[in-house]
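Me: Hi! I've got a structure open and I'd like to talk through where its ligand goes. Can we look at it together?
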Amino acid sequence: MSTVIENLQTVTDEIEKAKARREVAKDEEVILVAVTKNHGVDVMREAIDAGVKNIGENRIQEATEKFSVLDREVTKHLIGHLQTNKVKPAVKMFDLIHSADSERLIEAIDKAAGAIEKVQDILIQVNLAEEETKSGVHEENLQSLIEKTDASKNIRLRGLMLIAPNYSDVEKCRPLFRQMREIFDRIRRTRQNFDFLSMGMTHDYKIAVEEGANIVRVGTAIFGQRNYSQ
Ligand SMILES: *Cc1c(COP(=O)(O)O)cnc(C)c1O
């Protein structure tokens, strides 16, 4: 079995190769968010000691437990669905929330950030494939959500996030990633601080980078299969 250090090297190399192949966003860096959900804080430490600068978690309870004992500096990303009743600890803990997808949630984030005098960086999660089971805003409602963030003085909208459907033929994700980058570029021309397009996970991050992702969220390819029975 390969180690976390070896896997990290492989993923970093693949990101660089995918970057070299792409025709959009050629001069943009790609940020690797290492997703440590369902792994212990020891795995978090190992990743950070191997050079990881960005950690992704998807559940507030689990993230609170691990970050409270983590004796390392790292940028913290909330990548999972956020419930309104968990917004307070989320705002306290995370540098970037990837999963804002409703007016109610944005209002709650604004309020919680205001209460601790923070300006919370967020991404809006878009459900481009319009999958019924997925969170994220449909494209036709994106503009009104953007306006909602503009009216929220304790929120800074930094970009967009996409979770592609888990197609067995991963190439089927490509048109979605491409369309997402086009939407991102169109919005970006009219705004400031709108820098991040978060898309791509273990099975599709190479294609996502080729199509212009500048944040990828990778767990399994670095840390191996998650054990959900723990
Ligand atoms: C778990 C998760 C990831 C990482 O998934 P892998 O397939 O393990 O790379 C990325 N994004 C989100 C939103 C996740 O929940």
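This is a predicted model: local features need pLDDT of at least 70, side-chain atom pairs count only at pLDDT 80 or more; totals for chains, interfaces and linings use all residues.

Me: Thanks! What volume does the largest pocket have?
Reply: About 490 Å³. It is lined by 21 residues, and the closest to its centre are Lys37, Ile163, Met201, Arg217 and Arg226.

Me: What classes make up that lining?
Reply: The lining of the largest pocket has 10 polar, 7 nonpolar and 4 charged residues.

Me: And where does the ligand sit?
Reply: In the largest pocket. The residues around the ligand include Val35, Ile79, Val218 and Thr220.

Me: How does that shell divide by class?
Reply: Into 5 nonpolar, 3 polar and 3 charged residues.

Me: Which side chain has an N or O atom 2.5 Å from a ligand oxygen?
Reply: That's Thr202. Arg217 has a polar side-chain atom 2.9 Å from a nitrogen of the ligand.

Me: What about the backbone of Gly219?
Reply: A polar backbone atom of Gly219 is 2.8 Å from an oxygen atom of the ligand.

Me: How much of the ligand's accessible area does the protein cover?
Reply: The protein covers 90% of the 390 Å² that the ligand has on its own.

How values were computed
Residues are numbered from 1 along each chain as its sequence is written. Side-chain values use heavy atoms; hydrogens and water are left out. A residue is near a molecule or strand if one of its heavy atoms lies within 4 Å of it. A polar contact is a pair of N or O atoms within 3.5 Å; within protein, one must be able to donate a hydrogen and the other to accept it, and residues adjacent in sequence count only if both atoms are side-chain atoms. Accessible areas come from the Shrake-Rupley method with a 1.4 Å probe; for residues, only the protein chains shown count as cover. On a 1 Å grid over the protein atoms alone, a cavity is a set of points where a 1.4 Å probe fits but cannot get out, and a pocket is an open set with protein on both sides within 12 Å along at least five of seven lines; lining residues have an atom within 4 Å of a point. A molecule sits in a cavity or pocket if more than half of its atoms lie within 2 Å of its grid points. Ala, Val, Leu, Ile, Met, Phe, Trp, Tyr, Cys and Pro count as nonpolar, Asp, Glu, Lys and Arg as charged, and the others, Gly among them, as polar. Grid points are joined across faces, edges and corners, and a volume is the space filled by probe spheres set on the points.
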